[in-house]
Amino acid sequence: YNEYKSYLRMGATASTNLLSLCSNPHLQKLVSPESVPLDDPFWDTLLDFTLDTPSACSDARLLEESIESLCRLFIKNNLSSGNLSTLLSIQISLIKHSTSNTSDEDAELMITLKNTLLIVRLFSKYLVQTLPPTDVLPHFLAPEYIPPLLESDSRPSVVDKPVSRYETSADELCNCIFQLLTSCPLRKDTVAVHSECIRLLLTLLSGGLYHNQKSNELFDVIMTGRCSKLAVSVIKTMVNNIRKEVEIESSTLWNYLWSYVSATPDTPTDNIEGLKKGSLLLTLLVCNYNSTTTPNPYRRALFTFAHGGALSASSSLGPISFTTDIQSLYEYFSEDAVTEEKTLLLYMLLYGNENFKAFVLSRTNIECLLLPLLHTLYNTPIHTTHQVYMILIILLILTHDDSFSSYIHDAVLQTVPWYKERNLLSVSVGGLIILVILKTIQGNITKTRDQYLHTNSLAILANMSSKYHSLHPYVAERLLNMFSVIVKKYNKLRSAALAQDDPELLEPDGEVEILEDIVRMFLEIFNSCICYSTKSNAVFLYELLHKRDVFKPFETHPTFSSLIANIESVLGYLSSKVDEETGDANNVSVGEVMQSVENSIRQWPSDRLQMQPMLKFEYIEESEPDDFFMPYIWTLIFGNTHLYWDTTRITLSPIPNSNNSNTISTAAVTPRQSD
């Protein structure tokens, strides 16, 4: 480390002018064919600069475009000069020292380390977006592997050398970055370094995007070797960064240095929010990569952590990777701001981490988690975002649990200010879920007509159906009104198709077939409610009785007749009882009919029903979910980091457009009925 101590003098240099970067003699020497020795004073002056990290994509673009000519020279000369590998050696040494010594006296070291990380990131970015992935690793060749100069004063080609030799250097680099992230505590003088480490990792892992490749050699590097042994520590650090308000230690020396070198520093809050978002995106990225050679150790770590508070290790569900405070993570997910990346992480934890899922399902205030999700689903146009699918899958996973479905119909909300169609008073959380799902179905029918969205939405309603009770009158009315609208459309299209002999409308996956499936699901939902919770649903039965004419045509329908039997049985019973109690039906009031239904249903002989299996749908990921999730995650990274991504170079679909609303296959989000 003493070799590099001379770097730690903070010079009084002015902020670097972007326009002068290409003519900067130190940068020109770095990209030249000249091999600069490790102990050359050149490195002192190269790393002695002040350049605030770009805080917007436009600023990052200006920076990268200002050094593009230098980057071209760098690619041309680096294999012969080995200057990048020398710079990596300096960076690795600085990282190792920073993880073993974090005193205030080394605040200058953090500034120098941040500069080093920035230079490495900028040149690495040009490497990964310009060269094929197999040609990137040789540029990271460790100094000890660089062949000696030939008599011709040029280095031999490294293209034919085993890739494993190049991976040694890449593994060392990534391993040291992971060591820094997991070992160096967050302080005011280290948070920028942590953030730059994450930006460098995102950059290094982006290579496949530019060459239409799902696989990526640098991904494989972090999945194996020394990096994989740090997987648990990395995910624990990222989760801790995400879940809590990080308290940054301050120091007098740092305050002096920062005020000296930066006229407009980022506030600590901005830095921390950027670090939290970067930690979240990196977690999503590394945990969703599907390695063809080894199980993903980061995904395994994310799916096996447990609560470190009241829940003991002995009560966890399976092996534990690490413990953390899941309560604070639960509170993080319950915040009002429901971003797409946060929603995706919540989905992953509920789907893959049984300890986290059990903790969430045991909460007696689960409405705190649900309300922000429902509000987001209510407000989100279904044709513009994939967040709709993620929220639906989250609800599908939760409603598969019977205790959850029971609780949400007991938990009553006094009001729901954001629900605009009606002033909702004293509605259950379960009732609110039904209303929001119905709105989603309605929007899908009139706009996107996405069969997968219908499937997931109806599966949620089906999972809850056996636990429906004491539904709010407006909820029951909306449920039957939606069914009536769908039946009307189905009857109209089916009649037209039969009259015109149009095979396209009647073929499998045609519009009539899709609507028929939706009608069938609604009838199964009504059957489930009647079979398992008849006596606690007088309001719902009143609405069924009120809409009885909708069911009449289906009594002789070859597909639906068996599903109508129970509905007609209970409605026939109620109708006769109402007639007996009220006499002249023309003069009876709504209140009198409702009272008659409530009285009659208590005496209903349930043995008249043909009991149906309880409806239960569960979400199962398909065999290669990364086909859906990896492009989606990169879309989120494009839109939520301060990095510039040149989408004209990206060849791996989808390419994000200006509003990041790409169409991504939803084949990975199909539920199946439980056995």
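**Entry 1: S470.** I began with the cover around S470 in this predicted model, and I noted that S470 counts as exposed because its relative accessibility is 55%, where exposed means over 50%. I then looked up where S470 sits, and found it in the loop between α23 (451-465) and α24 (473-500).

**Entry 2: S426.** I next turned to another serine, S426, which is not a glycine either and yet has a positive phi of about 55 degrees. This residue belongs to strand β4, which covers residues 425-428.

**Entry 3: a nonpolar patch.** Which residues form a nonpolar patch on the surface with M614? I found Y532 and M611 beside M614 in this patch, and together the three have about 270 Å² of accessible area. I placed M614 in the loop between α30 (590-601) and β5 (617-619), and I recorded M614 as partly exposed because its relative accessible area is 33%.

**Entry 4: helix α26.** Finally I followed helix α26, residues 511-533, from its first C-alpha to its last, and the reach of 33 Å is close to the 33 Å expected for its 23 residues at 1.5 Å a residue. Is this helix mostly covered or mostly open? I noted that α26 is mostly covered, with 17 of its 23 residues buried.

Note on methods:
Residues numbered from 1 in each chain as written. Predicted model: local features only at pLDDT ≥ 70, side-chain atom pairs only at ≥ 80, totals over all residues. Heavy atoms only, no water. Patch = residues over 30% accessible without salt bridge, like charges linked within 9 Å, V, L, I, M, F, W, Y side chains within 5 Å. Areas by Shrake-Rupley, 256 points an atom, 1.4 Å probe, with all protein chains shown as cover. Salt bridge = Lys/Arg side-chain N within 4 Å of Asp/Glu carboxyl O. Helix = DSSP H or I, 4+ residues; strand = E, 2+ residues; numbered from the N terminus. Buried < 20%, exposed > 50% of the residue type's maximum accessible area, 1.4 Å probe, protein only. Expected span 1.5 Å × (residues − 1).
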